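Here is a short tour of a fold, written for someone who would rather look at the model than at tables of numbers. Have the structure open beside you as you read.

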Amino acid sequence: MINESNIVQILLVEDREEDGELALMGLESLVNNIKWVKDGAEALDFLFGRGMYEGRSINEQPRLILLDINLPKVNGLEVLKEIRSNPITKAIPVTILTTSKDEKDIYEAYNLGVNSYISKPVSFDQFSKTVKEVGMYWLVINTPHINQNS
């Protein structure tokens, strides 16, 4: 039996140290198991059990992915594209949390199947509050997708 308390509940994909720390502060009252990765390649390795995460059970996926667009190695839109193209990860809610307000990025994100697109608030307090509200919605209020195969 899987110990639910050890499964990563949120995958935070954020390369900026300040934003990652603020996101963790906003989420700490909701969940204990948050995995923070700092580039798109590591996010994909984590999700698909590759590289340094080889051997990680890919059947134990996070309940929410918070994804920046402007990431090193593999950008967030490419990460989203891979998430949505794989049957194991395609139903995981993905919220883009980015500084980009570019209409092309917004269009592309929704075209690729993002669940929500949020521009990062400028103030530290508002950023932390926004992340907490996103986590609250996806982890507490929303009824998650049920995996018929588990």
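Contact here means heavy atoms within 4.5 Å. Helices (H or I, at least four residues) and strands (E, at least two) are DSSP runs, numbered from the N terminus. This is a predicted model, in which local features need pLDDT of at least 70 and side-chain atom pairs count only at pLDDT 80 or more, while totals for chains, interfaces and linings use all residues. Residues are numbered from 1 along each chain as its sequence is written, and side-chain values use heavy atoms, with hydrogens and water left out.

Let us begin with the sheet. Five strands form an open sheet in the order β2-β1-β3-β4-β5, with parallel pairing; two strands pair if DSSP finds at least two bridges between them. Because β2 (34-37) and β5 (116-119) stand at the edges with a single partner strand each, one side of each is left without a neighbour in the sheet. Strand β4 (residues 94-98) is joined to β5 by four bridges in the parallel sense, and I96 stands opposite Y117 in β5.

Now for two of the helices. Buried means under 20% relative accessible area, exposed over 50%, and partly exposed in between (1.4 Å probe, protein chains only). The arc is that of the directions from the helix axis to the C-beta atoms.

| α1 | D19, G20, L22, A23, G26, L27 | 165° |

What covers the buried residues of α1? Among the elements doing so are β1, β2, β3 and α5 (124-141). At the start of α3, a side-chain oxygen of N75 comes to within 2.8 Å of the backbone nitrogen of L77.

Finally, the interior. A nonpolar core is a set of buried Ala, Val, Leu, Ile, Met, Phe, Trp, Tyr and Cys residues joined through side-chain atoms within 4.5 Å. The largest one has 25 residues, and L11, V13, L47, I65, L67, L80 and I96 have the most contacts inside it. Two or more residues each come from β1, α2, β3, α3 (76-85), β4 and α4 (103-112), with α2 giving the largest share, five residues. Leaving out residues up to four places away in sequence, L80 touches L67, V94, I96, A109, L112 and V114. Apart from this core lies another, of 15 residues, including V31, W36, L64 and W138.

Methods. Polar contact = N/O pair within 3.5 Å; in protein donor to acceptor, adjacent residues only side chain to side chain.
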